[in-house]
Amino acid sequence: MTTSPLLDATGVVKTYGAVVALRNASLSVLPGEVHALMGANGAGKSTLVKILTGAIRADAGHILIRGEARDVRSPADARRAGLLPVYQEPSLIPDLDVASNLRLTDTPVEPFRAWVRELGIPDLDIRDTARDIPLAVLRVLDLARALAVEPDVLLLDEMTAALPANLAEKVLEVIRRQGDSGRSVIFISHRFVEISALCDRATVLRDGETVGVVDIEPGVEERIVEMMLGAKVEKTRVAACQASQAASPGDSRPRLGVANLRVGSKLNDVSFDLVNGEVAGVIALEGQGQDELFAALAGSIRPSGGTIEVDGKPVKFAHPADAIRAGIAYVPGDRTEALTMQRSVRENIALPFSAALRNWGPINMAQERSTVVSAIERLQIDTRAQREVQRLSGGNQQKVTIARWIAAEAQTILCFDPTRGIDVGTKQEIYKLLRELADQGKSVLFYTSELEEVQRVCDRVIVIFGGRVVDVFPVELADEPALMRAAYGLPRGAKADVGILADIHSSPVAKP
Amino acid sequence: MSTTAIQPVPFGRRLKRFMADRPLIPLIILLVILVLVLQILRPGIVNERWLANTVKFAIPLAILAGCQTMTMLTGGIDLSVGTVATMSAFIMATQVVNHDPAVAILIALVPAVLIGLVNGIGVGVFRVHPLIMTLGTSLIGTGCLQVYQRTVIASGAKIPPFLAWLGTGLTYGVPNALLLFVPIAVLIVFTLNRTGFGRLLYAVGDNEGAARLSGVRYWQVITALYVISSVLAGITGLLYIGLIKAPSLSLAEPLVLPSVAAAVIGGTSIFGGRGGYTGTIIGALILTVLTTLLTILQMPEGARRILFGLIVLFVTAAYLRIIEDR
């Protein structure tokens, strides 16, 4: 530890208006090490990465590269300083062939070819247009392109996501060897298995702050989980158990039955039931396939395999209209996806009423008004600016997206992170509303990125990791540490088991 | 809160908000100003006959601008309205020689429905950009009409008297064309504001993804829309030939771009989701009065067109600034 760090960032601060993304982040990377950067959703990982690579500028803080203060103003600056990122999204320009893409970044071709072969793709034709190359290969090409210019610090964001097992193995091997040759790698991943196999140290972020730097050794995953959670480690009291649980267990067919559902490469094998009268929580780290799961259930995209049953009958949704007819409504996480911003609150709530061809005729204005008004009252939407939804606050906009389906009396509501970016008061109201819906015998599937919401709202938790359901457990067991461990694919109640990091193949992720 | 003195809102700001809430007011003011300018330049020109004439010529433009308004609400445009109007007018005028006028009109509206259907399917199902799609069908339609003209060249053409009556006639000084226009205008306004279909036009133009998530099938809305637009254009053609009384292969073509301009001046956003038909009607009146105004200025044709274009641009830009209250 006596060697001076290759990259040393301290006291990095970044705010967006009133929102603090980073309050005091630091990261120090030694030459020759593979360094993991960890943190729960929204902890500030991606902001820190963007600052290091020059995509955005920090409000305060020092970044030293090889002990020299460097002001990284742009991605090109970062590149000159020897810092190269590989992001989750492929960065080759789709309409150019691989060779032209290499020319764009002045990447030498021969080293690139060598790395591509090394990474397990023997037969790449660099005249292929990037658009025609499969996603997994594109990600490997991105990595090869970065490796070919021999950067001092390589920054990898979820490098192995969406890679098939054989490619992932090669990639990990190559990354490990980077460290041996004196260069450093910053490795961002949700997968403890990979981190334990690869990394020397880990920096943990929480709420925009670096809360610890640890050496990776067997058993450290519990410490990391604790750090990511902060003071919340002690088992929180389970919220009063919901009465509805006893209402109708098992006596009828499930409202929604999902079996072996697959969507593209993101969602691999998901099975669960949703019964009337319950709120089932879905917990997953970013990009584990939850977006695809919800879109498939809502009829927005077609699954590539598996079955969906509604009230025991198999269904195939070709269009959201089919799902809506089956009583399944989808509230997307991004409000701008669901609202017609220039139209009034009333028109937004009443939109599903007009959708079907037979409802294209004259609208019964009085009846519509009373339906809409009762939905507005139920959700307590502030209607002072109701002429245009875009003038409402975020919380009120979110309420409109839900009110629409209350008015339409949907039997099942798929809520995707409905409380993201809205105020605390509105959050409380939404929790209450979802509980009420369940008590009325409706069913709610509720994805949330905030673990604490599970205990406030859900009866049951479904944990998805790497496109699979890795665990389902009742809310009584779902305290935050348990959820966090489950979300990272660690087995439940494995606190004593320190051996799981030792062997890559014992983890649920590595199963073929 | 109550102790703080109420800040007087500046007059300009209040005026702007007032205009933003009632986007028709500035348009009406502009129309009145134009008429006043005309009266000052040529005292005595504004009389009952001039009014009737202006209304008569504004009506075909206003109906075609209605087609543009509805398609623009969904983020589209219908450039085939000129060809469709010309086709139905020309076919009616030639068919009426051998058939009963009612039959001739039905025959004349067949190509309108067909072109609308092709437009709608192209835009709604195959996702061709509306500009290209309607431009394409417009060219095809013109070509077909030229072929058709060869086959009927011997039979000649005539205009049924009741269409001439509808197009040019006056009853107690009021243009008979209003008998056709008022119901159409009421129907369009009603459709846009009080029917499910009208709501969907706005919704699809504002946020197609949101409409889809609410169960709206885009292709159904778009197909119905372009068929309606085409049929309206066909009807306009029948009215217009009653006004012009000379069938030709480019009869309604000069109305196409002014119809787009009328909708834009009337406050309908070309990006969709925003606007209405009442503004468009006034937009059509403004353009018609403006044309008269430029005609009596006795400028050369070129200068007149330059001025027309400049005024349309200026009015649109100014009007959008006024009604966008952000």
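## Report on a predicted two-chain model

B:Leu201 is found in helix H9 (residues 196–206) of chain B; helices (H or I, at least four residues) and strands (E, at least two) are DSSP runs, numbered from the N terminus. The structure is a predicted model, in which local features need pLDDT of at least 70, side-chain atom pairs count only at pLDDT 80 or more, and totals for chains, interfaces and linings use all residues. Residues are numbered from 1 along each chain as its sequence is written, while chains are lettered from A and ligands numbered from 1 in the order in which they are written.

B:Leu201 counts as buried because it has 27 C-beta neighbours inside 10 Å. The class rests on C-beta atoms placed from the backbone: a residue is buried if 20 or more others lie within 10 Å of its own, exposed if 12 or fewer, and partly exposed in between. Leaving out residues up to four places away in sequence, B:Leu201 touches B:Met70, B:Leu73, B:Thr74, B:Leu192, B:Val221 and B:Leu225. Contact here requires C-beta atoms, placed from the backbone, within 7 Å. The C-alpha atoms of B:Leu201 and B:Arg274 are separated by 9.9 Å, although these residues are 73 apart along the chain.

**The two chains**

Overall values for each chain are set out below.

For chain B, with 326 residues, the rule gives a value near 20 Å, and the chain's 21 Å agrees. Among contacts between residues at least 6 apart in sequence, 70% join residues at least 24 apart in chain A; the corresponding share in chain B is 76%.

**Domains of chain A**

An automatic or database domain assignment is the origin of the domain bounds. In chain A, domain 1 covers 7–233 and domain 2 covers 243–478. Their C-alpha centres lie 35 Å apart. Between these domains, 6 residues of domain 1 of chain A are in contact with 5 residues of domain 2 of chain A. The touching side of domain 1 has 3 nonpolar, 2 polar and 1 charged residues. In these classes Ala, Val, Leu, Ile, Met, Phe, Trp, Tyr, Cys and Pro count as nonpolar, Asp, Glu, Lys and Arg as charged, and the others, Gly among them, as polar.

**Contact between the chains**

The contact takes 25 residues from chain A and 21 residues from chain B. On the side of chain A, helix H10 (320–325), helix H11 (335–338) and helix H12 (345–355) each supply at least two residues. H12(A) gives the most, with 5 residues. By class, this side of chain A has 16 nonpolar, 6 polar and 3 charged residues.

**Helices and recorded spans in chain B**

Two packed helices are described by the angle between their axes and the distance between the axes. The axes of helix H8 (residues 178–194) and helix H13 (residues 277–296) of chain B come within 9 Å and cross at roughly 145°. These axes are lines fitted to C-alpha atoms, for helices over the stretch in contact, and angles run from 0 to 180 degrees between N-to-C directions. From H8(B), B:Ala185, B:Ile188, B:Val189 and B:Leu192 meet B:Tyr277, B:Thr278 and B:Ile281 of H13(B). This contact has 6 nonpolar, 1 polar and no charged residues.

An unreviewed UniProt entry places the feature "transmembrane region" at several spans of chain B, including residues 102–122 and 169–192. UniProt positions are given in the numbering used here, feature names are shortened, and annotations may be inferred rather than shown by experiment. Residues 102–122 of chain B are 100% helix and 0% strand, with end C-alpha atoms 31 Å apart. Residues 169–192 of chain B are 62% helix and 17% strand, and their end C-alpha atoms lie 30 Å apart.

**Positive phi values**

Most residues other than glycine have a negative phi. A:Asp106 has a positive phi, near 55°. A:Asp106 sits in the loop between helix H3 (98–104) and helix H4 (109–118) of chain A, and is exposed, with 8 other C-beta atoms within 10 Å. B:Arg127 also has a positive phi, near 60°. B:Arg127 is found in the loop between helix H5 (101–124) and helix H6 (130–152) of chain B, and counts as exposed with 12 C-beta neighbours inside 10 Å.

Terms used:
The radius of gyration is taken over C-alpha atoms; the globule rule is 2.2 Å times the number of residues to the power 0.38. Two residues are in contact if their C-beta atoms, placed from the backbone, lie within 7 Å.
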